[in-house]
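Here is a short note to read beside the model. Keep the structure open and find each residue as it comes up.

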Amino acid sequence: MKYFLALVVAATIVGCDYADKTPQGAAGVSKEALDSSKFTTIEWIDSTRDYGKINEGQKLDVSFRFRNTGDKPLVILAVRPGCGCTAAEPPKEPIAPGAEGTIKASFNSDGREGHNSKDIFVEANTKGTQNHKVHFDVEVVKPKS
């Protein structure tokens with residue numbers, strides 16, 4: 001009985017944690033954006049970034065550029081940072097064929113001393129896979145007193 005109760009509690013915690021990680025940007029997405037006949041292709045210009053060293057407590061603005069290499073508008077449906085120390089936002093408008101766009105994010109280094117390796121998950125109306133991952137690294141150092 002103890003094991004069953006522990007399992008129920010664990011499942012509830014995981015379920016609540018998952019519910020808190022709803023994608024940003026998915027609200028208001030038209031059904032057309034989910035129609036596979038309207039899918040396009042994406043080229044990541046910056047999918048991995050290394051920002052070197054920053055002082056602890058500094059907020060770091062990060063960005064990832066991409067290009068719509070297809071013939072339909074590219075819609076970023078959602079962006080989900082891998083943890084709570086990073087906030088990200090999708091472009092507000094679809095990206096026209098041939099045009100470039102940017103995923104912008106902000107990393108809060110407060111209490112994050114040492115090497116930080118962060119992922120941001122991107123969902124888009126793209127052929128093949130709709131799920132993409134961009135990544136950045138940063139070394140957070142204690143400021144000199």
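1. Start with one pair of residues. Ile42 has Asn68 in E3 as its bridge partner. Strands here are DSSP runs of E with at least two residues, numbered from the N terminus. This is a predicted model: local features need pLDDT of at least 70, side-chain atom pairs count only at pLDDT 80 or more, and totals for chains, interfaces and linings use all residues. Residues are numbered from 1 along each chain as its sequence is written, and side-chain values use heavy atoms, with hydrogens and water left out.

2. Now widen the view. Strand E3 covers residues 59-68, and three bridges join E1 to E3. The two run antiparallel. Two strands pair if DSSP finds at least two bridges between them. Strands of a sheet pair through backbone hydrogen bonds, either parallel or antiparallel.

3. In what order do the four strands of the open sheet stand? The order is E1-E3-E6-E5, with antiparallel pairing. E1 (42-44) and E5 (86-89) are at the edges with a single partner strand each, so one side of each has no neighbour in the sheet. From one strand to the next, the twist averages 25° (axes are lines fitted to C-alpha atoms, and angles run from 0 to 180 degrees between N-to-C directions).

4. Look at E6 next. Nine bridges join E3 to E6, and Phe66 stands opposite Gly101 in E6. Four bridges join E5 to E6. There, Ala88 stands opposite Ala105 in E6.

5. Which side chains of E6 point to the buried face? They are Gly101, Ile103, Ala105 and Phe107. Buried means under 20% relative accessible area, exposed over 50%, and partly exposed in between (1.4 Å probe, protein chains only). In a regular strand the side chains alternate between the two faces of the sheet.

6. Follow the aromatic rings. The whole structure holds three aromatic pairs. Rings of Phe, Tyr and Trp (its six-membered ring) pair if their centres lie within 6.5 Å; planes under 30 degrees apart count as stacked, over 60 as edge-to-face and the rest as tilted. Phe107 and Phe136 have ring centres 5.8 Å apart and planes at 75°, so this pair is edge-to-face. Phe107 lies in E6 (residues 100-108) and Phe136 in E8 (residues 131-141), so the pair ties together parts 29 residues apart in sequence.

7. Finish with burial. Phe107 has a relative accessible area of 0%, and Phe136 also has 0%.
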